[in-house]
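Student: I would like to learn how the words used to describe a protein model follow from computed values. Could we go through them one at a time?

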Amino acid sequence: MEATLFSFPSSKPPSPSLTQTQSKTLLTRPTNPFLSLTPRPARHYHRLPTIRSAISRTKKEQTVETIKENLENCHLLAGIKYKGLTVKQFQDLRKVLPETTKLIVAKNTLVYKAIEGTPWEALKPCMTGMNAWLFVHSEEIPPAIKPYRDFQKEKKLDSNDFTGAVFEGKFYAPGDFKQLETMPTRAEIYAKLLGTLNSPASSLVGTIQAPARELVMLLKAYVQKLEEESGGGQ
């Protein structure tokens, strides 16, 4: 007896055949539609060179203005070789300087731009290497220089010497600083002048024969003393 095979139809109708394009779409379509969004490339913002240049130019202009401001009522401007000095050493140095003395670190080109066309232009020989600048706003020159000399000896900074200075329009090289450091103070000038006025004529003649620079300083101090006394008596 032969077996008869029976085929029963499926409860669901057969799906129509998919085209190749539709099949590919179904295979590549993600479950979450939001994942199909293409991520935007990261944006990198770069500071424009013109902005950086403007900031640098503004800072330089501010430095030049600061130097010009410190030249007002300045009696001596000196350069100090600061290469090798640490930040702490600078801080310690500023603490021992008199209130009438200010220490500024600035490039030679900016300092020269500020002093160009002025009597301070005589400082041009100092415009080499790395300098810090000492602005002395007092007529008492030796007391203004001495704190750095003491600091230099204490810290053993032999290589960090003065590179030069300008006083009354004259340039003083490092080897000439002895003249600045031994100048008489105002008190010493007064004492010498008063002693001269109370001494015999021979002493006055000796004073007149003294170097012209010293005589001018004596007369200037005497005139100032008279002006102060006259103003105090009003």
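Tutor: Residues 24 or more positions apart account for 74% of the contacts in the protein chain with a separation of 6 or more, where a contact means heavy atoms within 4.5 Å. The model is a predicted one, in which local features need pLDDT of at least 70 and side-chain atom pairs count only at pLDDT 80 or more, while totals for chains, interfaces and linings use all residues. Residues are numbered from 1 along each chain as its sequence is written, and side-chain values use heavy atoms, with hydrogens and water left out.

Student: How many helices and strands are there in the protein chain?

Tutor: The protein chain has 9 helices and 5 strands, and along the sequence they follow the pattern α-α-β-α-β-α-β-α-β-β-α-α-α-α. Helices (H or I, at least four residues) and strands (E, at least two) are DSSP runs, numbered from the N terminus.

Student: What makes Asp 92 count as buried?

Tutor: Buried means under 20% relative accessible area, exposed means over 50%, and partly exposed is in between, with a 1.4 Å probe and protein chains only. Asp 92 has 18% relative accessibility, so Asp 92 counts as buried. Lys 88, at 55% relative accessibility, therefore counts as exposed. Of the 234 residues in the protein chain, buried residues make up 28%.

Student: Why is the pair of Asp 92 and Lys 88 called a salt bridge?

Tutor: A salt bridge is a side-chain nitrogen of Lys or Arg within 4 Å of a carboxyl oxygen of Asp or Glu. The closest N and O atoms of Asp 92 and Lys 88 are 3.1 Å apart, so the pair forms a salt bridge. Both residues lie in helix 3 (residues 87-96), 4 residues apart, about one turn of the helix. As a general rule, an α-helix has 3.6 residues a turn, so residues three or four places apart point the same way.

Student: Which residues of helix 3 are buried, and how do you know that they are on the same side of helix 3?

Tutor: The buried residues of helix 3 are Gln 89, Phe 90, Asp 92 and Leu 93. They cover an arc of only 165° around the axis, which puts them on the same side of helix 3; the arc is that of the directions from the helix axis to the C-beta atoms. On the other side of helix 3, Val 87, Lys 88 and Lys 95 are exposed. The buried residues of helix 3 pack against strand 2 (101-105), strand 3 (131-136) and helix 5.

Student: What makes helix 3 oblique to helix 5?

Tutor: The axes of helix 3 and helix 5 come within 9 Å and cross at roughly 140°, these axes being lines fitted to C-alpha atoms, for helices over the stretch in contact, with angles from 0 to 180 degrees between N-to-C directions. That makes helix 3 oblique to helix 5, because angles under 35 degrees count as roughly parallel, over 145 as roughly antiparallel, 65 to 115 as roughly perpendicular and the rest as oblique. Where the two helices meet, Gln 89, Asp 92, Leu 93 and Val 96 in helix 3 are in contact with Pro 147, Tyr 148 and Phe 151 in helix 5.

Student: Where does Leu 97 lie, and what makes Leu 97 buried or exposed?

Tutor: Leu 97 lies in the loop between helix 3 and strand 2, and with a relative accessible area of 10% Leu 97 is buried. Leaving out residues up to four places away in sequence, Leu 97 touches Leu 103, Leu 134 and Pro 147.

Student: How do you know that Asp 161 forms a salt bridge with Arg 149?

Tutor: Their closest N and O atoms are 2.7 Å apart, so Asp 161 and Arg 149 meet the definition of a salt bridge. Asp 161 lies in the loop between helix 5 and strand 4 (162-167) and Arg 149 in helix 5, so the pair ties together parts that are 12 residues apart in sequence. Salt bridges that share partners join Arg 149, Asp 161 and Glu 181 into one network. A search of the whole structure finds 4 salt bridges.
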